[in-house]
Amino acid sequence: DHLVGLGHRRMVVLEDTGLGGFDRLDGFARAFQRAKLTSSVRHFPAAATAEGGYDAMRQVLARGKPPTAVLCDNDVIAVGAMSAIEESGMSVPRDISVTGFDDIGLARLRQFNLTTVRQDRWAIGRTCFEVLQRRVQNPDDQRPSRVILKPTLKVRGSTGPART
């Protein structure tokens, strides 16, 4: 939604090839549907490392007309993607906006200044402990539970208006 609000229409999602992130990808898909952008968004696999983000972004750039924005499944992928963008002679966010997910410590550093989605790790840990504690205290009640903690968007310097 943040990127759509900045005028981005040609976007790429660098997807973690590991096991996690399904809810995240579902959230991306719903936002693209709301903005009627499903046909203009491409998805590329990326290993959940800086090297994976770098390699995937180089593949994206080698295909010709670059996207105006890249959504990365995690901040580490985003760091690699930013490196590939800068190495190609383009600038973040002037030419391509980049977002991450997790708000790791690197995201806040000046050289990255990454717009990202922050997950409250303390709340996640506390919630896991509370669920486990309930199960230990009530061994007869082993019903599965699903808890959704709302993340927050941290807008920093890696996103800007889409170039026309």
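This is a predicted model: local features need pLDDT of at least 70, side-chain atom pairs count only at pLDDT 80 or more; totals for chains, interfaces and linings use all residues.
Reader: How many helices and strands does the chain have, and what pattern do they follow along the sequence?
Author: The secondary structure amounts to five helices and six strands. Read along the sequence, these elements follow the pattern α-β-α-β-α-β-α-β-β-α-β.

Reader: What box do the C-alpha atoms of the chain fill?
Author: The box is taken along the principal axes. Its dimensions are roughly 60 × 35 × 25 Å.

Reader: What share of the residues of the chain counts as buried?
Author: A residue is buried if its relative accessible area is under 20%. The chain has 164 residues, and the share of them that counts as buried is 38%.

Reader: In which sense do β1 and β2 pair, and which residue of β2 is the bridge partner of D16?
Author: Strand β1 covers residues 11-16 and is joined to β2 by six bridges. The sense of this pairing is parallel. The bridge partner of D16 in β2 is A46.

Reader: Which residue of β4 is the bridge partner of A69?
Author: Strands β3 and β4 pair over three bridges, in the parallel sense. In β4, the partner of A69 is S97.

Reader: Which residue of β5 is the bridge partner of G100?
Author: β4 also runs parallel to β5, and four bridges join the two strands. The partner of G100 in β5 is T116.

Reader: What is the handedness of the crossover from β3 to β4?
Author: β3 and β4 pair in the parallel sense. The chain passes from β3 through α4 to β4, and this β-α-β crossover is right-handed.

Reader: Is α3 oblique or roughly parallel to α4?
Author: Helix α3 (residues 50-62) packs on α4 with the axes 6 Å apart and at an angle of about 45°. Angles under 35 degrees count as roughly parallel, and 65 to 115 as roughly perpendicular. The angle therefore makes α3, relative to α4, oblique.

Reader: Which residues of α4 does α3 meet, and is the crossing left-handed or right-handed?
Author: The α3 side of the contact consists of A50, G53, Y54, M57, R58 and L61. On the α4 side they meet V76, I77, G80, A81, S83, A84, I85 and E87. As α3 passes α4, the crossing is right-handed.

Reader: Which peptide bond is cis?
Author: Most peptide bonds are trans. With omega near 5°, the cis bond is the one from V92 to P93.

Reader: What is the phi of K36, and is K36 buried or exposed?
Author: K36 is in the loop between α2 (22-34) and β2. Its phi is near 55°, a positive value in a residue other than glycine. Exposed means over 50% relative accessible area. K36 has 71%, so K36 is exposed.

Reader: Where does N113 lie, and what is its phi?
Author: N113 lies in the loop between β4 and β5. With a relative accessibility of 31%, N113 counts as partly exposed. Most residues other than glycine have a negative phi. The phi of N113 is positive, near 45°.

Terms used: Residues are numbered from 1 along each chain as its sequence is written. Side-chain values use heavy atoms; hydrogens and water are left out. Two strands pair if DSSP finds at least two bridges between them. A crossover is right-handed if, with the strands pointing away from the viewer, the path from the first strand over the helix to the second runs clockwise. Axes are lines fitted to C-alpha atoms, for helices over the stretch in contact, and angles run from 0 to 180 degrees between N-to-C directions. Angles under 35 degrees count as roughly parallel, over 145 as roughly antiparallel, 65 to 115 as roughly perpendicular and the rest as oblique. A crossing is left-handed if the near helix is turned anticlockwise from the far one by less than a right angle, and right-handed if clockwise. Contact means heavy atoms within 4.5 Å. Buried means under 20% relative accessible area, exposed over 50%, partly exposed in between (1.4 Å probe, protein chains only).
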